[in-house]
Amino acid sequence: MSQEKGPTSVVNVDSDPAPTPPPSPFKELSILDRLLTPFIFVSMVIGVVLGEFVPEVRTALDTAKFDTVSVPIAIGLIFMMWPILTKVQYEKLPAIFSTSRLWKHIGISIVLNWIVGPFLMLGLAWATLPDLPEYRAGVIMVGIARCIAMVMIWTDLARGDSEYSAILVVINAILQIILFSPYSVLFINIIGGQDTAHVKYQDVAISVLIYLGIPLGAGVITRYSVIAITSKRFFEKKFLPVFSPLALLGLLYTIIVLFAYQGHRIIHNLGPVFRVFVPQILYFVIMWVGTFYFVYQLSKREVIGDPSRQRTFGYDMAVVQAFTAASNNFELAIAVAIAVFGVNSEQALAATIGPLTEVPILLGLTWVALYMKSKLDWEGRSANGLDSERGSEASSQVKA
């Protein structure tokens with residue numbers, strides 16, 4: 001009897017089924033998401049062509065303003081953010097704010113966005129543009145304008161946490177109203193050695209309130225109005241699939257407007273334009289990769305320390321933090337540069353180059369993030385597998 005049971009027990013130990021590989025995250029993307037890359041490049045070309053060969057468009061865009069805010073740009077940003085802010089489950093926010101997880105991420109985001117990011121852009125601008133002070137000032141202005149708009153597009157495409165992304169966007173918007181003006185004086189006038197930047201709190205506050213306040217209010221009203229009139233199931237299954245593509249259309253429209261604004265000057269200043277590419281490309285890549293890797297390491301340490309506890313870090317928050325840290329509010333930087341230095345200034349041109357580099361690079365990084373979602377061990381599977389293997393070895397030794 002004992003001889004018959006021995007082989008049976010060995011077979012049971014070694015016959016664990018192989019783990020099913022996770023599905024490719026790229027299959028989660030809609031057809032419109034997958035076509036976004038060529039659509040964006042086509043929009044850039046259309047904008048540059050309009051700016052070069054239809055000068056009346058530039059004149060019309062420059063005159064359509066509310067205070068210092070460009071109305072065409074504001075319209076694009078509102079329609080770009082409205083659907084995304086409609087998806088946010090605001091009813092969960094009180095519970096989220098009561099967790100230590102949120103406050104840890106708020107602290108990380110503030111350090112990355114308001115200390116690391118601006119000083120990194122400052123250093124890169126001085127290192128690569130020492131002989132072009134006007135262009136350098138425009139690049140620095142992009143660095144101190146923290147993102148409150150497109151970060152939600154990238155987070156949504158990379159399947160990050162939309163609720164946490166919305167919270168960090170609102171916090172950065174508030175800090176932007178407070179800090180953008182003194183940061184402009186510090187980084188451009190004092191450190192940069194230029195005495196021409198005179199940024200007013202009122203201009204920054206109006207820009208941020210229009211770019212964020214209107215779509216935020218529209219998102220809240222739309223969400224709860226549709227749910228109240230129909231049902232939550234109708235809202236999620238019927239309304240959002242039809243309403244969500246408006247965000248990508250708003251993105252494409254905004255890109256066309258931005259490049260039509262300065263397309264003529266981009267074509268006729270290719271030398272400095274390519275020089276300005278360098279610090280901005282380095283900035284976006286360094287900030288995104290560094291932040292993504294940092295949160296991934298925190299996630300690994302968290303799993304090794306106690307795999308059973310509630311997760312503070314993970315893929316969804318690595319996406320949120322990386323895109324929030326790497327993105328910039330170039331719309332605000334362009335608007336302020338035009339208001340302070342003039343529409344034909346080198347500073348405004350350098351700020352306009354921001355989306356020319358940021359949009360394709362961060363769009364590409366959404367694909368990198370989706371690839372890393374399945375390639376990196378976010379759930380501690382290797383550590384758990386190692387533990388179970390050690391347990392099996394110990395069990396075999398005891399049986400022996």
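**Exercise 1. List the buried residues of H5, then describe the helix.**

The buried residues of H5 are Pro72, Ile73, Ala74, Gly76, Leu77, Ile78, Met80, Met81, Pro83, Ile84, Leu85 and Thr86. Buried means under 20% relative accessible area, exposed over 50%, and partly exposed in between, with a 1.4 Å probe and protein chains only. Helices here are DSSP runs of H or I with at least four residues, strands are runs of E with at least two, and numbering starts at the N terminus.

This is a predicted model, in which local features need pLDDT of at least 70, side-chain atom pairs count only at pLDDT 80 or more, and totals for chains, interfaces and linings use all residues. Residues are numbered from 1 along each chain as its sequence is written, and side-chain values use heavy atoms, with hydrogens and water left out.

Step 1: burial. Twelve of the 17 residues of H5 are buried, so the helix is largely enclosed by the rest of the structure.

Step 2: span. H5 covers residues 71-87 and reaches 25 Å from first C-alpha to last, close to the expected 24 Å. The expected span is 1.5 Å times one less than the number of residues.

Step 3: kink. H5 has a kink of about 30° at Met81, shortly before the proline Pro83. The bend at a residue is the angle between axes fitted to the seven residues ending there and the seven starting there.

**Exercise 2. Describe how H5 packs against H12.**

Step 1: geometry. Two packed helices are described by the angle between their axes and the distance between the axes. For H5 and H12 (residues 232-243), the angle is about 165° and the axes are 10 Å apart. Axes are lines fitted to C-alpha atoms, for helices over the stretch in contact, and angles run from 0 to 180 degrees between N-to-C directions.

Step 2: class. H5 and H12 are therefore roughly antiparallel. The classes are roughly parallel under 35 degrees, roughly antiparallel over 145, roughly perpendicular from 65 to 115, and oblique for the rest.

Step 3: contacts. H5 contributes Trp82, Pro83, Thr86 and Lys87, and H12 contributes Phe235, Leu240 and Phe243. Contact means heavy atoms within 4.5 Å.

**Exercise 3. Work through two further helix pairs.**

Step 1: H8 and H10. Helix H8 (residues 133-144) packs on helix H10 (residues 162-190) at about 150°, with axes 10 Å apart. The pair is therefore roughly antiparallel. Ala137, Ile140, Met141 and Ile144 in H8 meet Gln176, Phe180, Tyr183, Ser184, Phe187 and Ile188 in H10.

Step 2: H16 and H17. Helix H16 (residues 330-341) packs on helix H17 (residues 346-375) at about 170°, with axes 8 Å apart. This pair, too, is therefore roughly antiparallel. Among the H16 residues that meet H17 are Phe330, Ala333 and Phe341. Their partners in H17 include Gln347, Pro355 and Glu358.

**Exercise 4. Is Thr324 buried or exposed, and what does it touch?**

Step 1: location. Thr324 sits in helix H15 (residues 315-326).

Step 2: accessibility. Thr324 counts as buried because its relative accessibility is 1%.

Step 3: neighbours. Leaving out residues up to four places away in sequence, Thr324 touches Ser109, Asn113, Arg146, Val151, Leu168 and Asn172.

**Exercise 5. Summarise the chain.**

Step 1: elements. The chain has 18 helices and two strands.

Step 2: burial. Of its 400 residues, 50% count as buried.

Step 3: contact range. Among contacts with a separation of 6 or more, residues 24 or more positions apart account for 84%.
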